[in-house]
Amino acid sequence: MRRALELARRAAAAGEVPVGAVVVRAGEVLGEGANQPIGSHDPTAHAEIVALRAAAARIGNYRLSGSTLYVTIEPCTMCAGALVHARVGTLVYGAPEPRAGAIASAANALGNAGLNHRVAVVAGVLEDECAALLTAFFRARRDAPDERSRIIAPPPPQDSR
């Protein structure tokens, strides 16, 4: 989880929501990722997806059986689905995500009885540190919004005489 936190800090430095993820199997790091949907112009470039893609590419197989994904925040529905499809064995996450967390907070995406794979879940690992990173990031954005978050009025119409 410490490595995931380092990756989350990198994401924050790049202006992305600070989330980091690492895929490990048998003590070996297979893939890692930091949030990058803004910079990559890719709505699926969540830290978990980036890490899963890197791990799958490294081993030459999209199935990551027996692996553990460490992530700093509770995954969303998209990422939970990817964990099932990749056959990740265990999910370890830091802070809950009350609005979009799909593991325990806003939904229970991994608890669907119709799923053909079960992912074990460990929640709350370095929770305070993970939550503090997110809180500080969003507080800084509220206190000093950048150009993208400002509403800019259109120019007044010109007289066409």
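Grid points are joined across faces, edges and corners, and a volume is the space filled by probe spheres set on the points. The largest pocket of this predicted model has a volume of about 560 Å³.

This is a predicted model, in which local features need pLDDT of at least 70, side-chain atom pairs count only at pLDDT 80 or more, and totals for chains, interfaces and linings use all residues. Residues are numbered from 1 along each chain as its sequence is written, and side-chain values use heavy atoms, with hydrogens and water left out.

**The whole chain**

Begin with the protein chain in a cartoon view. It has 5 helices and 5 strands, where helices (H or I, at least four residues) and strands (E, at least two) are DSSP runs, numbered from the N terminus. Along the sequence their pattern is α-β-β-α-α-β-α-β-β-α. Of the 161 residues, 39% are buried; buried means under 20% relative accessible area, exposed over 50%, and partly exposed in between (1.4 Å probe, protein chains only). Among contacts (heavy atoms within 4.5 Å) with a separation of 6 or more, residues 24 or more positions apart account for 55%.

**The largest pocket**

Next, select Val-17, Ile-73, Glu-97, Leu-134 and Phe-138, which are the closest to the centre of the largest pocket among its 25 lining residues. The largest share, 5 residues, comes from H5.

**Val-17**

Centre the view on Val-17, in the loop between helix H1 (2-13) and strand E1 (20-25). Val-17 is partly exposed, with a relative accessible area of 25%. Leaving aside residues up to four places away in sequence, Val-17 touches Ala-11, Asn-35, Leu-134, Phe-137 and Phe-138.

**Phe-137 and Phe-138**

Now show the rings of Phe-137 and Phe-138. The structure holds 1 aromatic pair, by a rule that pairs rings of Phe, Tyr and Trp (its six-membered ring) if their centres lie within 6.5 Å, with planes under 30 degrees apart counted as stacked, over 60 as edge-to-face and the rest as tilted. The ring centres of Phe-137 and Phe-138 are 5.1 Å apart and their planes lie at 80 degrees, so the pair is edge-to-face. Phe-137 is buried at 11% relative accessible area, whereas Phe-138 is partly exposed at 33%.

**Helix H4**

Move to helix H4 (residues 77-86), whose buried residues are Cys-79, Ala-80, Ala-82, Leu-83, Val-84 and Ala-86. These buried residues pack against helix H3 (47-59), strand E3 (68-73) and strand E4 (90-95). Select Arg-87 after the helix: its phi is positive, near 65 degrees.

**The cysteines**

Finally, display the cysteine sulfur atoms. A disulfide is a covalent bond between the sulfur atoms of two cysteines. Here it is taken as a pair of cysteine sulfur atoms within 2.5 Å, and the count comes to 0 disulfides. Cys-76 is in no disulfide, and the nearest cysteine sulfur, that of Cys-79, is 3.8 Å away. Cys-76 is buried, with a relative accessible area of 18%. Cys-130 is also buried, at 2% relative accessibility.

Note on methods:
On a 1 Å grid over the protein atoms alone, a cavity is a set of points where a 1.4 Å probe fits but cannot get out, and a pocket is an open set with protein on both sides within 12 Å along at least five of seven lines; lining residues have an atom within 4 Å of a point.
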